[in-house]
Amino acid sequence: MTTQETLDHTTSPTSVARTLLALNTAYFQAKVLQSAVELGLFGVLAEKPASADALCTRLGLHPVRAADFLDALVGLGLLERKDGRYANRPGVAEFLTPGGPRYLGDSIAQHARLHYRAWASLTQVLSGESVLDQKDFRKDFQDLDNVRRLMGHMDVFNSFVAHELDRCIDWARYSTFLDVGGARGNVAAHLVRTHGHLAGGVFDLPAVEPLFDEHMAALGTAEKVRFTAGDFFADPLPRADVIILGHVLHDWPPTARETLVKRVHDAVEPGGIIVVYDAMLDDDRQDARSLLQSLNCSIMRDGGSEYTVGECRGYVERAGFRFESAERIDSLTGDRVLVAAKPS
């Protein structure tokens, strides 16, 4: 149930006030989780359960504050406490322990490091100020460690989308695909491992290539997925039966989206398809999750925002594609996948 629904249907003033207070202090919970990830708490507890004293020594925590911190994590369902020792909670640990395929920590750390600061200045942003230096996003790719953190953050989201693409697309009809802005190839690797007949490609900035090579080698897919370095607004896109734009269009203003989709149309083979996925907005603009995601896009990148399915349909149809389908998928941000075909 959304906060708005709760406020609309309650008859208790105390309940309304409590709901508003919980909304106002929701960042308490976010920061407890983020700090636990930044401190490496879940990785330490993955080795073995530990007492508060042992954790204070290992992680350099203030003993008085640590007691509330650790017990709050228990109350939030992230840790368990038994006989004075703390342990990761089963069912949650796989998402918080570094090294696992479902690890969310890279994204949590990215939000602690960058997004939290930006959102703290939301009032100024709404008045027209820029919190982040957004003159040239490419500078984010000048430091390999920063690129690695960014790729880990992106993989958190696209790994949950990859399985849904199996359901949305009849891959037996196609033999090649290209993931534009595909980062270090997380989605591409899933597709070639699941559909053995496919040959895949990733198109992204040159700074990503070393991490792509590293990731493909680790997954054993180096021979099945190629990397093409370039700027997707300036450099030719390799041709493919299927071209994917996942969590890409929302970073750009509408005119740039139109330009990119037209460039994709030129690269899709006749009879092929474009696949777009993002947290697209409902036409009635009442889905708070998607609207907040849209606001996040505009805060992090000037001109960025989510868009409706209808708007996306307009982008692809004006580029020359024929709209086929759009459906919501079971992803972390409630994405929709839109598919459109290029006539043979």
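Mentor: Over 6 bridges, strand S7 (residues 240-246) and strand S8 (residues 268-278) pair in the parallel sense. The model is a predicted one. Within this pairing, Val 242 has Ile 273 of S8 as its bridge partner. Strands of a sheet pair through backbone hydrogen bonds, in either a parallel or an antiparallel manner.

S7 and S8 belong to an open sheet of 7 strands, whose order is S6-S5-S4-S7-S8-S10-S9 and whose pairing is mixed. At its edges are strand S6 (225-229) and strand S9 (322-328), each of which pairs on one side only. From one strand to the next, the twist averages 20°.

Helix H13 (residues 254-267) lies across S7 and S8 and runs at about 145° to S8. Helix H15 (residues 309-319) lies across S8, S9 and strand S10 (336-341), and its direction is at about 25° to S10.

S1 and S3 run antiparallel and are joined by 2 bridges; Ser 51 stands opposite Arg 85 of S3.

What span should the 13 residues of H6 have, and does the model agree or disagree? At 1.5 Å a residue, helix H6 (residues 63-75) should span 18 Å, and its end C-alpha atoms are 18 Å apart, in agreement with that expectation.

Which residues of H6 are buried? They are Ala 66, Phe 69, Leu 70 and Leu 73. Because these residues cover an arc of only 90° around the axis, they are on the same side of H6. Exposed residues Val 64, Asp 68 and Gly 75 are carried on the face of H6 turned away from its buried side.

The buried residues of H6 pack against strand S2 (79-82) and strand S3 (85-88), and likewise against helix H3 (26-39), helix H4 (41-47) and helix H5 (52-59). After H6 comes Gly 77, with a positive phi near 85°.

An unreviewed UniProt entry lists residues 26-90 as "domain: O-methyltransferase dimerisation". In the model this span is 65% helix and 15% strand, with its end C-alpha atoms 24 Å apart.

Two further residues extend the picture. Gln 29 lies in helix H3, and its relative accessibility of 47% is why Gln 29 counts as partly exposed. The C-alpha atom of Gln 29 is separated by 45 Å from that of Tyr 174, which is 145 residues apart from Gln 29 along the chain. Ser 107, in helix H8 (residues 105-120), has a relative accessibility of 5% and therefore counts as buried. Leaving aside residues up to four places away in sequence, Ser 107 touches His 153, Val 156 and Phe 157.

Conventions
Residues are numbered from 1 along each chain as its sequence is written. This is a predicted model: local features need pLDDT of at least 70, side-chain atom pairs count only at pLDDT 80 or more; totals for chains, interfaces and linings use all residues. Side-chain values use heavy atoms; hydrogens and water are left out. Helices (H or I, at least four residues) and strands (E, at least two) are DSSP runs, numbered from the N terminus. The expected span of a helix is 1.5 Å times one less than its number of residues. Buried means under 20% relative accessible area, exposed over 50%, partly exposed in between (1.4 Å probe, protein chains only). The arc is that of the directions from the helix axis to the C-beta atoms. Contact means heavy atoms within 4.5 Å. UniProt positions are given in the numbering used here, feature names are shortened, and annotations may be inferred rather than shown by experiment. Two strands pair if DSSP finds at least two bridges between them. Axes are lines fitted to C-alpha atoms, for helices over the stretch in contact, and angles run from 0 to 180 degrees between N-to-C directions.
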